[in-house]
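Biologist: I'm new to this one, could you walk me through it?
Modeller: Gladly, let's look at it together.

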Amino acid sequence: MSELTVGDLVAMRQLGCQTIAGAGGLDRKVMWAHSCELEDPWNWLATDELLMTTGICVPAEEGDQVELVRQLARAGIAGIAVGDDMKAPPLTAAMLAEADALDFPVLTVSHSTPFSAMGRTVAVASQSEQISRIARLSRLYEVARSATMTESESPLLERLSIELGYELHVVDVEYRTEVLARNGRVDEPTIRELCHRLDGRLDRLPARLAVEVDGTLAATAFPLPTHRPCMLVAVGTSDVDLDAFGLLHAQSLIGIEVERVTRHRERDDALGAALFEQIIDGTLGSDAAQPRLEQVDLADRAWMVVGFDSPDLRAARIVLGDNETPKLSCVVGEEGYLLLAADHIEAVVDLLGPHIPHLGLSAGTSTLQRVPDSVRQARWALQAARADGSAVAEYSTAAPLFLPRTLSEAHFAARAILGELMDHDEKNQTQLVETLDTFLTVDRSWAAAADKLMIHRQTLAYRLKKIESLSGRSTKSSADIASFWMALTALRISRGGSD
C-alpha cells in the first residue's frame with residue numbers, strides 16, 4: 001500500500017508545489033490525485049484523494065471559501081492543489097485560517113507543472129493500492145454473479161454490505177420505500193429526512209448526500225442509475241469511506257439488480273392483471289384459479305377489494321411490491337382495483353394512504369364467484385370517498401350524501417328517476433342518459449356539453465326537451481337537478497363503471 005503523503009509531493013521540487021495553509025496536515029496520505037472543477041468537488045472525490053483545480057471550483061466569496069475547506073476536510077480529502085495560472089479568485093485570509101485550524105493542506109502548483117505529472121506521480125506510488133482495488137472489484141462482481149444464480153432479491157445487497165463493510169439499503173425517494181428486501185430496514189426518520197433534503201427534485205439526484213437526524217449523521221446516500229429515482233443508502237454515524245472506484249461499481253451492480261427486480265415485478269403484475277380480469281368477468285372457474293392464486297399467496301384466504309382512481313395504479317403496485325404484499329391488480333374503466341387478503345387490509349391502507357387520495361374498500365368474501373360483487377362494492381365505496389372528500393370509505397358504512405347503501409338500492413334508485421330515459425335509449429338507440437350526464441357534469445354549459453357530445457346546440461336542445469318530457473322533471477329546477485344527479489351517480493355505481 002502506498003505511503004505517499006501531501007508533504008512528499010511538496011518535497012518533490014520538480015512538481016513546483018508550495019504549502020500556503022494547513023501545514024499541520026502534510027502527513028495526510030494521498031492515494032489518488034483527481035482534477036475537478038465542479039462547484040461541489042467533495043461529492044466527486046473520495047477519502048485520501050488530492051483535489052487538483054485551476055481554481056474554477058473555488059468560490060469568490062469569503063464565507064463560501066471557508067465552507068469549501070470545511071466540506072473537503074469533512075469528506076476526508078487529502079488536500080487541495082490550486083494551479084498558479086490566475087484563474088482562481090484571490091484566496092481569502094479567512095479560508096487559509098480555516099485550513100490551518102483544520103490541518104487541511106492548501107497548495108499552489110506552478111503553472112509550468114501539468115496536473116498529469118502530479119497524477120502520474122501519485123499513480124505510480126499507489127500502484128499496489130490499485131491492485132487491491134482491482135481485487136475488490138473482482139470480488140464485487142463475484143458477489144453479483146452468485147447472487148443472481150440464487151434467483152433471490154436480498155442476497156446481493158446483504159453480501160455487498162458485508163464486502164464493503166457498510167449496512168446498505170436501496171430507497172425509492174419518490175415513494176419512500178425500500179426496493180430490495182433485507183432483514184433490517186432504514187428507520188423512518190432517516191428516510192423522511194433524505195426525501196426532505198431532495199425536496200421533490202428527483203430528475204437529478206445529488207452525487208453524495210449526508211443525511212443528519214437531530215444533528216447526528218445517520219446515513220450517506222448515493223444515486224443509482226435506475227429508471228426509478230432510487231438512492232443507495234449506507235447507514236452509519238460516520239461518513240462513508242469508500243474509494244470512488246469501488247463505489248462506482250457497487251452502484252452499477254445494485255442498479256442492475258434494482259432494474260431486474262423491477263422488470264420481474266412488472267411481469268408479475270401484468271400476469272396478475274390478466275388473472276384478476278378473468279375473475280371479474282367470470283370466465284375463470286375456482287378450480288382453474290386455485291393454482292394461480294397459490295402462486296401469488298392468495299389461495300384459501302378471505303379477500304377484500306380496494307378501489308382507487310386508475311392513474312394511482314402505478315403507485316399502488318410499487319408501494320405494495322416494495323413491501324412484499326401479495327396482491328392482484330388491474331384497471332376496469334376509470335378505476336383501479338386490488339385483490340388482497342382481508343387480514344392485510346389495515347396495513348395496506350396505511351401504506352397507500354400517503355400516496356393515493358381516495359380508497360374504497362369492499363366487504364370481505366371467501367367465495368371467488370363473489371369477487372365481481374366485491375369490485376362493484378369497492379367502486380361504490382370509492383364514489384363515497386370522492387363525494388365527501390374522505391381518504392378511505394368502506395362499503396359497509398359509507399353513505400355519500402343521500403345515495404343508497406347497497407348495489408340493489410342503487411339500481412332501483414336509478415330506475416326510479418331515469419327508467420323512462422334508459423328504456424327509450426335501449427329501444428331507440430339514443431343517448432339521452434349520456435346527454436343528461438354530460439350536461440350536468442359541465443354545470444349545464446350548453447357550449448361545453450354540445451362540444452363534448454360533438455353535436456349541434458339545436459340537437460342538444462331537442463334532447464333536453466325529450467328528457468324533460470319523458471322524465472317529467474325540469475333541467476332548470478334545483479330539486480329536479482339534484483334528483484337527476486343522484487340518480488346518475490347511483491346508475492354509475494350499479495353498473496360498475498360500464499357506462
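**Contacts and cores**

Biologist: What does L421 touch, not counting residues up to four places away in sequence?
Modeller: Leaving out those sequence neighbours, L421 touches L432, V433, L436, I467 and L470, where contact means heavy atoms within 4.5 Å. This is a predicted model, in which local features need pLDDT of at least 70 and side-chain atom pairs count only at pLDDT 80 or more, while totals for chains, interfaces and linings use all residues. Residues are numbered from 1 along each chain as its sequence is written, and side-chain values use heavy atoms, with hydrogens and water left out.

Biologist: How many residues are in the largest nonpolar core?
Modeller: That core has 24 residues, and L421 and L436 are among those with the most contacts inside it; a nonpolar core is a set of buried Ala, Val, Leu, Ile, Met, Phe, Trp, Tyr and Cys residues joined through side-chain atoms within 4.5 Å. A second, separate core of 21 residues includes L275, F276, L328 and Y337.

Biologist: Switching topic, how many aromatic pairs are there?
Modeller: The structure holds two, counting rings of Phe, Tyr and Trp (its six-membered ring) whose centres lie within 6.5 Å, with planes under 30 degrees apart called stacked, over 60 edge-to-face and the rest tilted. W380 and Y395 form an edge-to-face pair, 6.0 Å centre to centre with 85 degrees between the planes.

Biologist: And are W380 and Y395 buried or exposed?
Modeller: Both W380 and Y395 are buried, meaning under 20% relative accessible area, with exposed over 50% and partly exposed in between (1.4 Å probe, protein chains only).
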